There are 2 protein chains.
Amino acid sequence: MSGTGTAKGTPAGHAASRAIQDFYPDDFAHCYGCGRLNAHGLQIKSRWEGDEVVARFSPRPEHIAIPGFVYGGLIASLVDCHAMGTAAAAVERKAGREIGAGPAPRFVTGSLKVDYLKPTPLGPELEIRARPVEIGERKVIVHATVSAAGVVTARGEVVAVRMPETMRRG
Amino acid sequence: MSGTGTAKGTPAGHAASRAIQDFYPDDFAHCYGCGRLNAHGLQIKSRWEGDEVVARFSPRPEHIAIPGFVYGGLIASLVDCHAMGTAAAAVERKAGREIGAGPAPRFVTGSLKVDYLKPTPLGPELEIRARPVEIGERKVIVHATVSAAGVVTARGEVVAVRMPETMRRG
């Protein structure tokens, strides 16, 4: 995500544009998976590309299940945080706004289901694609895929729910 | 396991006894979630306690969704790796062996489903409990709970499948 022009499938300027997570209020920007303020975290960045939301992520060398393959917990984390961003952006778009036009709604995970279709090789940048399949005020259902070098290796279904008031700081 | 006597709750010497993951062959001990040889990883340790397999884990300060609460990707990772260990131990026990008596079978995740029942507070040590609910040669289904300070905050169902030959190094 250096901001330099990128190749195939990545629109010009995509990497340089602000991501959904960049619009989360500071209080909600500490997530290990996607918080821009979490220095130790994965800092996943998700952006609309047409009707899908896309993130690209390069696993660290230690993110392995066995040598050469990405561990499932990372894939679950990518799907999870990416789906939360997708939910927020989908609710905004449905309301006729792009994300960032107003305070971004914040979702948390109600349930997460990941099917691991085949081993995910360590090496290629992973692409996570998601689309909202049901958009309610309180609940959004998101379908996602994870692919490596153009091959889908995992598929996810995530139920995102509006963050409960009990999680907000007093 | 160690063969020392165990009791309900946290047995004396529990933490000191060898965990299921300690018996994985070196080649399979690099997992970010549970590999004893992954210096950066979570190093989850799972042990039989009666008919359940139990792990305890203290999230790091950065493992948050928002300040004060554990992020869902970590919970998914804990459930995932703990379930793989449970599957290996269950297959061995069903065959009349304790884990470590022979080469430990290695499972990978076929599918992972986590229901987030309520926010998981950061602070208390988390307890992950699992039990095998279906034990086949090739596939094991594991149910798990994650709790904090005695309150179950997440529930998981994991399908573990024998590691495919394609994941073994040549």
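This is a predicted model: local features need pLDDT of at least 70, side-chain atom pairs count only at pLDDT 80 or more; totals for chains, interfaces and linings use all residues.
**View 1. The interface between chain B and chain A as a whole.** Let's start with the overall picture: each partner is listed with its own share, 35 residues from chain B and 35 residues from chain A. Together the two chains bury about 3,000 Å², and carbon and sulfur atoms account for 64% of that area. Twelve residue pairs are in polar contact between chain B and chain A, counting pairs with both residues at pLDDT 80 or more. Salt bridges across this interface number zero.

**View 2. The side of chain B that touches chain A.** Here the elements giving two or more residues are α1 (72-94) and β3 (107-116) of chain B. The largest share is that of β3(B), with eight residues. Sorted by class, this side of chain B holds 16 nonpolar, twelve polar and seven charged residues.

**View 3. Strand pairing across the two chains.** Take a look at β3 of chain A (residues 107-116), which pairs with β3(B) in the antiparallel sense over five bridges. To find your place in the pairing, look for D115(A), which stands opposite S111(B) in β3(B).

**View 4. An aromatic pair formed by Y32(A) and Y71(B).** The whole structure has two aromatic pairs over all chains. In the one shown here, Y32(A) and Y71(B) are tilted, with 5.1 Å from centre to centre and 40° between the planes. Y32(A) sits in the segment before β1 (46-49) of chain A, while Y71(B) belongs to the loop between β2 (52-57) and α1 of chain B, so this pair joins two chains.

Terms used. Residues are numbered from 1 along each chain as its sequence is written. Chains are lettered from A and ligands numbered from 1 in the order in which they are written. Side-chain values use heavy atoms; hydrogens and water are left out. Contact means heavy atoms within 4.5 Å. Buried area is the accessible area (1.4 Å probe) that two parts lose on being put together, summed over both. A salt bridge is a side-chain nitrogen of Lys or Arg within 4 Å of a carboxyl oxygen of Asp or Glu. A polar contact is a pair of N or O atoms within 3.5 Å; within protein, one must be able to donate a hydrogen and the other to accept it, and residues adjacent in sequence count only if both atoms are side-chain atoms. Helices (H or I, at least four residues) and strands (E, at least two) are DSSP runs, numbered from the N terminus. Ala, Val, Leu, Ile, Met, Phe, Trp, Tyr, Cys and Pro count as nonpolar, Asp, Glu, Lys and Arg as charged, and the others, Gly among them, as polar. Two strands pair if DSSP finds at least two bridges between them. Rings of Phe, Tyr and Trp (its six-membered ring) pair if their centres lie within 6.5 Å; planes under 30 degrees apart count as stacked, over 60 as edge-to-face and the rest as tilted.
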